[in-house]
Amino acid sequence: MVTRAGAGTAVAGAAVVALLSAALALYGPPLDAVLERAFSLRKAHSIKDMENTLQLVRNIIPPLSSTKHKGQDGRIGVVGGCQEYTGAPYFAAISALKVGADLSHVFCASAAAPVIKAYSPELIVHPVLDSPSAVHEAEKWLPRLHALVVGPGLGRDDALLRNVQGILEASKARDIPVVIDADGLWLVAQQPALIQGYRKAVLTPNHMEFSRLYDAVLRGPMDSNDSHGSVLRLSQALGNVTVVQKGERDILSNGQQVLVCSQEGSSRRCGGQGDLLSGSLGVLVHWALLAGPEKTNGGLSVLKLTIWGPEIETGVKTRAQGSCSPRTTTPTSPHLLLSPSPQVQPSPGGCVWRLLSYQAVQPPSLSEARSLHHHLRHDRRGGGRLQQALR
Ligand SMILES: NC(=O)C1=CN([C@@H]2O[C@H](COP(=O)(O)OP(=O)(O)OC[C@H]3O[C@@H](n4cnc5c(N)ncnc54)[C@H](O)[C@@H]3O)[C@@H](O)[C@H]2O)[C@@H](O)CC1
Ligand SMILES: Nc1ncnc2c1ncn2[C@@H]1O[C@H](COP(=O)(O)OP(=O)(O)OP(=O)(O)O)[C@@H](O)[C@H]1O
Ligand SMILES: [Mg+2]
């Protein structure tokens, strides 16, 4: 059973894992094209580093097994979809399936339902969001859902937002993890109390949504020169919910740590990319909580990265160490670097670290990249599921 504190770090940990996997997934199929692009266009990371990153994701992927039943590895609900926006809820819901959930539900306005149903037979679409009994209708399904993704394509209609407010209340009452994105964040900016202190909430604002939310909650503009501190402060002001500020570098905080994930994703800036992330995150947060502290060693060690740079002081909060005490590391992977973040003062008992991508030390050959691809395709330890997701 994950403790509340553990849930907070597990949720933050899952957020980074989701960003890493979404970054990989955003390249689109097939994986060898991903590797070709990853290892040719950008300062490539050594094959070992890519392996470490994927291992982080594998840590929480439940193994495929013939003894499981349908839905056991994830039943995700997306709350969103209105007259104007039908793509966003589709992108979020299908991403949950692509990452590895077994079932994906969409609770949307009646006008959006036939459209979303037409996109895919894999989605279970409930045209209830604009119904007077929307909360009751959604509540019937909550006991069968592991996580909710609230907001993709929701729109800003007051009646819809009121119904979503009721669904969020009912979800919290059942301790269901919620990822809040897009116009779900519009609702939270109007009523921050809705998720205040709910440690199983993950907010995924883009640049605009973050500044709106920051302004609404902290009653003033964010300090654009201190993005880490802004994310930390917003998380703390909302009672240490996990905040993922999306951008060129994704900045995450659970009010105690600040992590920066600069794993490079797609260079496109098209609509829908945030929806892919929120749907992926819905599954991964559930998996991180399901995996529990022994698998993620208190949650943060899903991020416990073998850190590069003998001279770099760093520390990773893990159960084994019991603290955030800085220690020198041995050079293993230049891929991700965790180092104290000078701009942001740790909250009491917390620590603030920056997880920075580290430029590669030597470009690998493409055949090395392909051998990782081969390894992934036939890795029976769960990589297979990730592989499917990246098809
Ligand atoms: N195909 C679909 O159905 C899509 C629906 N979407 C939905 O559309 C609704 C509104 O989302 P939006 O993302 O448009 O609204 P936002 O409030 O996020 O963005 C408003 C505008 O700000 C601009 N903007 C975004 N990031 C910026 C940055 N870093 N710097 C400066 N300007 C920036 C964009 O041009 C955008 O139109 C949401 O419910 C969302 O889920 C979007 O997800 C896009 C795809
Ligand atoms: N300037 C950028 N450079 C590189 N990656 C970026 C940049 N901005 C965002 N990203 C990445 O793209 C993903 C989606 O972020 P984005 O800001 O597009 O979300 P969004 O606006 O909510 O998208 P959507 O259109 O789905 O609502 C994030 O994982 C983020 O890491
Ligand atoms: Mg968005």
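Reply: Happy to. By class, the shell around ligand 2 holds six polar, five charged and one nonpolar residue, where Ala, Val, Leu, Ile, Met, Phe, Trp, Tyr, Cys and Pro count as nonpolar, Asp, Glu, Lys and Arg as charged, and the others, Gly among them, as polar. A word on conventions: this is a predicted model, in which local features need pLDDT of at least 70 and side-chain atom pairs count only at pLDDT 80 or more, while totals for chains, interfaces and linings use all residues. Residues are numbered from 1 along each chain as its sequence is written, chains are lettered from A and ligands numbered from 1 in the order in which they are written, and side-chain values use heavy atoms, with hydrogens and water left out.

The residues around ligand 2 include Asn 206, Lys 246, Glu 248, Asp 250, Arg 269 and Leu 277; a residue belongs there if one of its heavy atoms lies within 4 Å of the ligand. Helix H11 (residues 273-296) gives the most to this shell, with four residues; helices here are DSSP runs (H or I, at least four residues), numbered from the N terminus.

Now the polar contacts, meaning pairs of N or O atoms within 3.5 Å. Oxygen atoms of ligand 2 lie 2.7 Å from a polar backbone atom of Gly 274 and 3.3 Å from one of Gly 247. From the side chain of Lys 246, a polar atom comes to 2.8 Å from an oxygen atom of ligand 2. The protein covers 73% of the 620 Å² of accessible area that ligand 2 has on its own, by the Shrake-Rupley method with a 1.4 Å probe.

Turning to ligand 1, you will find 20 residues around it, the closest being Gly 153, Asp 183, Asn 206, Arg 212 and Asp 275. The side chain of Asn 206 has an N or O atom 2.8 Å from an oxygen atom of ligand 1. Polar backbone atoms take part too: that of Gly 153 is 2.8 Å from a ligand 1 oxygen, and that of Gly 87 is 3.1 Å from one. Taken alone, ligand 1 exposes 830 Å², and the protein buries 56% of that.

Helix H4 (87-99), helix H8 (182-190) and helix H9 (207-218) each supply at least two residues of the ligand 1 shell, with H9 giving the most, four. By class, that shell has seven nonpolar, eight polar and five charged residues.

Terms used
Polar contact = N/O pair within 3.5 Å; in protein donor to acceptor, adjacent residues only side chain to side chain.
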